[in-house]
Every structure is written in C-alpha cells, then in structure tokens.
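This briefing covers the salt bridges of one structure. The points below are grouped by topic.

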Amino acid sequence: MRTSLQAAIGIIMVFMLVGSIGLLLGGMLGSSENSPAETPTEGVETTTQPATATPSMTATSSPTVTPDLASTEQNLSTDHIESLIKSNINDHPDSVTTLSTDTTTAVKLDNLSKNHSNTMSQSATVSHDVGYGNSETRYRNADLYERCQFKEQKYIANAKRNRLESIDRLNLNEYRGETAEITEQNVADTIVDSWFNSFTYRDRLRYENAEHLGVGVSISEDGQVYATATVC
C-alpha cells in the first residue's frame, strides 16, 4: 500500500516537472520572437549626400581703365605729332631760321614742353601758369634760364613773361582723319598754323638768334590735344 502511494506521488511530480519545463521554454521562445533585431553598427557602408554649396554672389568690380587716345582707336603717336610740329615750324614759309631739334639743349626743351603739356591736360587748362609756376620758373628749374638768352634787335630775349614759349589746345575729334597718319598730320598742321596766325606766338617762333626747339604734346581722356613749343 505504501509502495503504491509512493509510486503515485512520483508520477505526479514527474508531470509537474514536465509542465514547469514547458512553461519555461514557451516564455523564452515568446520573448525571443518579440524582441526587435539589433541594428548592425559595423561592416555597413553608409552614404552621406554632400550638402549642395550655394554659390556666393560676390560682386566684382572691373578695374578702371583710363582711356588713352594716344594708344586707342587709331593708335595715335604723340611722339610723331611732336616730330611733325617741329618739321612744320622749320618748314613754315614765315620761319626765318632752322631750329635744331636733336641737341642736348633741344632734348631738355622737349622735356620741359612735354611736362607742361601734361600739366595742362591734367588741369584741362591752357595757360603758361596752371598753378606750378610760369615759363620762367620752368626754364630755371631745367637749368636753361641763363643758357637761353639771346639778343633780338633792341632787347634781350629770355624766358621772362613767357616770351620763349608757345601753347595751344585743339579738339582731336574735329581733325580726326581716316588713318592715324592723317590724323597726326592734321593735328600738327592745325597747331602750327594757329601759332603762326597769332602775332604773339609767331614772334616767339621767329627769333633770328634762337637756335634750339623743343615740343611736347599730350592728349587728354576727352580728346583734347595740348601742345607746348619752347625755344632757346
């Protein structure tokens, strides 16, 4: 009787143990199915779209270019105009002597004349004195005042009262030809004719005892031609 009871208890315990194991396994399986899968963090390439750069609208100003009529359009040469003016003065019917244009003194006169024409162009003024001294001052600064004195009839001609200097201005567009050569010749002819048509300047270009001639030409941005002629 005792043996039968013990056997029955053993069987019950086996069933209970099997049931417990089943419940435990079921809970573990259910937990595994409901858990989210982990996202791998290694061995996976990720592509990052680069940000599109917005172009910067930076305003850039073009460099200011000062127009030089001596080197644009017809490629005018102020050197050539100066040479033509010298030839026209020496060849003019009213000239009384041939002035040297290639001596050391003439070269100094060229520089003196060129500088004054440039100054007149920059100030847009035709004058023997544009705020930097008159003709006498320029001759003295160039060490030409004592050198450039000569007797004329009853007086001594020198740089006082601008008596050795001629100046002029003309509008380039009024005398522009079809080519650079024609334009340069037109400018030179007009300037020299203007001087010889002036009682003041004609006398300054016709000194019998003058020996040297210098000429300087400058062309402004607005097409004005400034010319200076000096003698010694």
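How far apart are E136 and R140 in helix α4? They are four residues apart in helix α4 (residues 135–141), which means a separation of about one helical turn.

The model is predicted: local features need pLDDT of at least 70, side-chain atom pairs count only at pLDDT 80 or more, and totals for chains, interfaces and linings use all residues. Residues are numbered from 1 along each chain as its sequence is written, and side-chain values use heavy atoms, with hydrogens and water left out.

**Overall count**
- Four salt bridges (a side-chain nitrogen of Lys or Arg within 4 Å of a carboxyl oxygen of Asp or Glu) are found in a search of the whole structure.

**Pair within helix α4**
- E136 and R140 form a salt bridge through their side chains, at 3.1 Å from N to O.
- E136 counts as buried at 19% relative accessibility, while R140 counts as partly exposed at 40% (buried is under 20% relative accessible area, exposed over 50%, partly exposed in between, with a 1.4 Å probe and protein chains only).

**Pairs between elements**
- The side chains of R138 and E165 form a salt bridge at 2.8 Å, N to O.
- R138 is in helix α4 and E165 in strand β3 (residues 165–171), so this pair ties together parts 27 residues apart in sequence. Helices (H or I, at least four residues) and strands (E, at least two) are DSSP runs, numbered from the N terminus.
- Both R138 and E165 are buried.
- D110 and K86 form another salt bridge, with 3.1 Å from N to O.
- D110 belongs to helix α3 (residues 104–123) and K86 to helix α2 (residues 78–91), 24 residues apart, and the pair links distant parts of the chain.
- D110 and K86 are both buried.
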